[in-house]
Amino acid sequence: MKKKYLLTTEDGTATLFLEEYEQAMHSMSGAYEESLLKHIIPSGILECEKDILNVLDVGFGLGYNVLALINEFLNKNDTRKLNIYSLEKDRNFMEFINSITFNDSRDNIYSFISETYLSGEGNLNGINLKILFDDARKSIKNLYGTKFHAIFQDPFSPSKNPELWSTDYFIELKKLLAENGIITTYSSADHIRRAMIEAGFHIGRGPSVGKKREGTLASSCNITRELDKDEIKAIINNIKSMPYEDPGLNAERETILENRLLKIKNIKNNIK
């Protein structure tokens with residue numbers, strides 16, 4: 001059985017290391033800090049001028065993105081309606097969630113989040129939280145009709161979790177994104193940015209956090225810190241930027257990885 005265990009990051013909050021993916025969920029510079037600086041702030045969700053805010057969190061994990069969002073929302077005394085949908089594969093993290101404390105006001109919010117982790121749906125002072133447990137590729141199809149003002153794209157890394165980084169997957173996310181909505185992610189890999197470009201997104205630079213390099217912001221329209229034409233051209237012309245493909249949104253992890261490598265190999269052979 002693959003092991004899981006908690007590690008303490010530099011901001012004092014815990015992250016979870018999973019042998020299945022051979023990596024921790026968060027940057028060791030600060031797990032909670034990463035959620036706040038990589039997703040909540042750059043998404044601009046709290047400055048969005050809508051009476052009802054819809055947020056999609058892909059990769060619930062330990063719930064830090066949800067926690068940081070709710071904490072910032074309450075700190076602003078925001079009285080608008082906030083709907084959060086979070087996607088997670090299964091409920092395998094309950095024992096770790098139950099052992100995490102912050103020793104401040106975040107504990108009350110986290111208690112609500114952990115209860116919702118069990119029940120699947122909860123409400124806190126007008127904030128609605130739903131956690132959908134399944135392959136995220138299936139879950140997003142159940143969200144058609146809802147437009148999200150922010151999407152936190154936060155699965156495990158592309159090489160470990162390619163199912164949630166394909167061009168076909170991003171095409172589905174684009175259907176869910178509201179006009180002027182923003183997707184945030186920690187990845188700045190060329191093959192991920194190319195997948196987003198091929199899905200029809202404008203691509204911008206996200207902030208760097210700790211030792212991690214800059215992330216990526218994506219939107220259906222113009223975006224701040226947008227990559228220029230030469231940068232986009234360089235990405236598209238780079239053989240190694242070949243994106244993952246998953247037309248049926250149901251391929252196995254190994255198949256997605258192997259097909260990408262095979263396509264790159266075939267292109268190289270044709271060039272020779």
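**Ground rules.** I am working on a predicted model, where local features need pLDDT of at least 70, side-chain atom pairs count only at pLDDT 80 or more, and totals for chains, interfaces and linings use all residues. Residues are numbered from 1 along each chain as its sequence is written, and side-chain values use heavy atoms, with hydrogens and water left out.

Entry 1: I found 8 strands in an open sheet, ordered 6-7-5-4-8-9-11-10, with mixed pairing. Strand 6 (121–124) and strand 10 are the edges; each has a single partner strand, so one side of each lacks a neighbour in the sheet. From one strand to the next the twist averages 20 degrees. Strands here are DSSP runs of E with at least two residues, helices are runs of H or I with at least four, and both are numbered from the N terminus. I count two strands as paired if DSSP finds at least two bridges between them. Strands of a sheet pair through backbone hydrogen bonds, either parallel or antiparallel.

**Entry 2: strand 4.** How many of the 7 residues of strand 4 are buried? I get 6 of the 7 for this strand (residues 52–58), so it is largely enclosed by the rest of the structure. Buried means under 20% relative accessible area, exposed over 50%, and partly exposed in between (1.4 Å probe, protein chains only). Strand 4 pairs with strand 5 (residues 81–88) in the parallel sense over 7 bridges. There, Ile-52 stands opposite Lys-81. Strand 4 also runs parallel to strand 8 (residues 148–153), joined by 4 bridges. On that side Val-58 faces Gln-153 as its opposite residue.

**Entry 3: the helices on the sheet.** Strand 4, helix 2 (residues 64–75) and strand 5 form a right-handed β-α-β unit. Right-handed means that, with the strands pointing away from the viewer, the path from the first strand over the helix to the second runs clockwise. Helix 2 lies across strands 4, 5, 6, 7 (127–133) and 8, and runs at about 170 degrees to strand 5. Helix 6 packs on the sheet and touches strand 4, strand 8 and strand 9, its direction making about 135 degrees with that of strand 9. Contact means heavy atoms within 4.5 Å. Axes are lines fitted to C-alpha atoms, for helices over the stretch in contact, and angles run from 0 to 180 degrees between N-to-C directions.

Entry 4: Strand 8 and strand 9 run parallel, joined by 5 bridges. Phe-148 has Leu-177 of strand 9 as its bridge partner. Strand 9 (residues 177–185) then pairs with strand 11 in the antiparallel sense over 3 bridges. Ile-183 is bridged to Ala-218 of strand 11. Strand 10 (residues 202–205) is also antiparallel to strand 11, over 4 bridges. Arg-205 is opposite Thr-216. Which way do the side chains of strand 11 (residues 216–219) point? Thr-216 and Ala-218 point one way, Leu-217 and Ser-219 the other, and all are buried.

**Entry 5: the rings.** I applied one rule: rings of Phe, Tyr and Trp (its six-membered ring) pair if their centres lie within 6.5 Å, with planes under 30 degrees apart stacked, over 60 edge-to-face and the rest tilted. The count comes to 12 aromatic pairs. Tyr-21 and Phe-156 have ring centres 4.0 Å apart and planes at 10 degrees, so they are stacked. Tyr-21 sits in the loop between strand 2 (14–18) and strand 3 (23–24), and Phe-156 in the loop between strand 8 and helix 6, so the pair ties together parts 135 residues apart in sequence. Tyr-21 is buried at 7% relative accessible area. Phe-156 is buried at 11%. The rings of Tyr-64 and Tyr-110 have centres 6.3 Å apart and planes at 55 degrees, so that pair is tilted. It links helix 2 to helix 4 (residues 106–119), with the two residues 46 apart. Both Tyr-64 and Tyr-110 are buried.

**Entry 6: Lys-174.** I placed Lys-174 in helix 6 (residues 167–176). Buried or partly exposed? Lys-174 is partly exposed, at 29% relative accessible area. Not counting residues up to four places away in sequence, Lys-174 touches Ala-199, Gly-200, Phe-201 and Ser-220. Lys-174 and Ala-199 are 25 residues apart in sequence and 7.4 Å apart in space, C-alpha to C-alpha.
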